[in-house]
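This report describes a protein model, from its overall make-up to a few single residues. Please keep the sequence and the structure in view while reading.

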Amino acid sequence: MSTELTYLTLTAALTTLLWLPYLMNAVAVRGLGVVLSGAPLESEVRLSPWARRLRAAHINATENLGVFASLVLVAHLSGMSTPVTLIAAGTYFWARVAHYLIYGLNIPVLRTAAFVVGWGAQLAIAWQILGGVS
């Protein structure tokens, strides 16, 4: 498996796990029965502030996963693997890890910086793909 696909897999696996901390907070503040009933997480007893931030970070990660996955898969299917795509794929993964942790810790400027780094990594992969189009 290519490095880019490995980072895509790691990113997808990470995104799959990001809901666990805020769900555990929901169980702690609302009770397992209410959470299992399917009631929206934001209703009645609100999540703790850190849990709301982690929920927002998870939603953001989910929204961006489709873009990252599409770019990595297009690059892979076109047989493209360059130093830029390798670095960008790894950078994207670590930027998403940083974004989640920084968002949870409520550090706004660094949160935005981590997001922009991940966004830049996506643009770098797109640039490589488009530069390879004849």
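## Terms and overall make-up

In this report a helix is a DSSP run of H or I with at least four residues, and helices are numbered from the N terminus. Asparagine 25, for example, is found in helix H2. The model is predicted, not taken from an experiment.

The secondary structure of the protein comprises six helices and zero strands. Read from the N terminus, the order of elements is therefore written α-α-α-α-α-α. Along the principal axes, the C-alpha atoms occupy a box of roughly 55 × 30 × 20 Å.

## Surface and contacts

The protein has 134 residues, and 38% of them count as buried.

Among contacts in the protein with a separation of 6 or more, 72% join residues 24 or more positions apart.

## The crossing of H2 and H4

Two packed helices are described by the angle between their axes and the distance between the axes. For helix H2 (residues 19-30) and helix H4 (residues 49-77), the axes come within 8 Å and cross at roughly 145°. The crossing of H2 and H4 is left-handed. On the side of H2, the contact is made by Trp19, Pro21, Tyr22 and Asn25; on the side of H4, by Trp50, Ala51, Leu54, Arg55 and His58. By type, the residues of this contact divide into six nonpolar, two polar and one charged.

Is asparagine 25 buried or exposed? Asparagine 25 has a relative accessible area of 7%, and because buried means under 20%, this residue is counted as buried. Leaving aside residues up to four places away in sequence, asparagine 25 touches Leu47, Ser48, Trp50 and Ala51.

## Helix H5 and the residue after it

Helix H5 covers residues 83-105, which makes 23 residues. Tryptophan 94 is found in helix H5. With a relative accessibility of 52%, tryptophan 94 counts as exposed, because the cut-off is over 50%. Tryptophan 94 and leucine 36 are 58 residues apart in sequence, and their C-alpha atoms are 32 Å apart in space.

Which residue takes a positive phi just after H5? That residue is asparagine 106, with a phi of about 60°. Asparagine 106 has this positive phi although it is not a glycine. Asparagine 106 is found in the loop between H5 and H6. The relative accessible area of asparagine 106 is 43%, so this residue is partly exposed.

## A glycine in helix H6

Helix H6 covers residues 108-131, and glycine 120 lies in this helix. Glycine 120 has a relative accessible area of 30%. This value lies between the cut-offs of 20% and 50%, and therefore glycine 120 is partly exposed. Glycine 120 and histidine 76 are 44 residues apart along the chain, and a distance of 19 Å separates their C-alpha atoms.

Note on methods
Residues are numbered from 1 along each chain as its sequence is written. This is a predicted model: local features need pLDDT of at least 70, side-chain atom pairs count only at pLDDT 80 or more; totals for chains, interfaces and linings use all residues. Side-chain values use heavy atoms; hydrogens and water are left out. Helices (H or I, at least four residues) and strands (E, at least two) are DSSP runs, numbered from the N terminus. The expected span of a helix is 1.5 Å times one less than its number of residues. Axes are lines fitted to C-alpha atoms, for helices over the stretch in contact, and angles run from 0 to 180 degrees between N-to-C directions. A crossing is left-handed if the near helix is turned anticlockwise from the far one by less than a right angle, and right-handed if clockwise. Contact means heavy atoms within 4.5 Å. Ala, Val, Leu, Ile, Met, Phe, Trp, Tyr, Cys and Pro count as nonpolar, Asp, Glu, Lys and Arg as charged, and the others, Gly among them, as polar. Buried means under 20% relative accessible area, exposed over 50%, partly exposed in between (1.4 Å probe, protein chains only).
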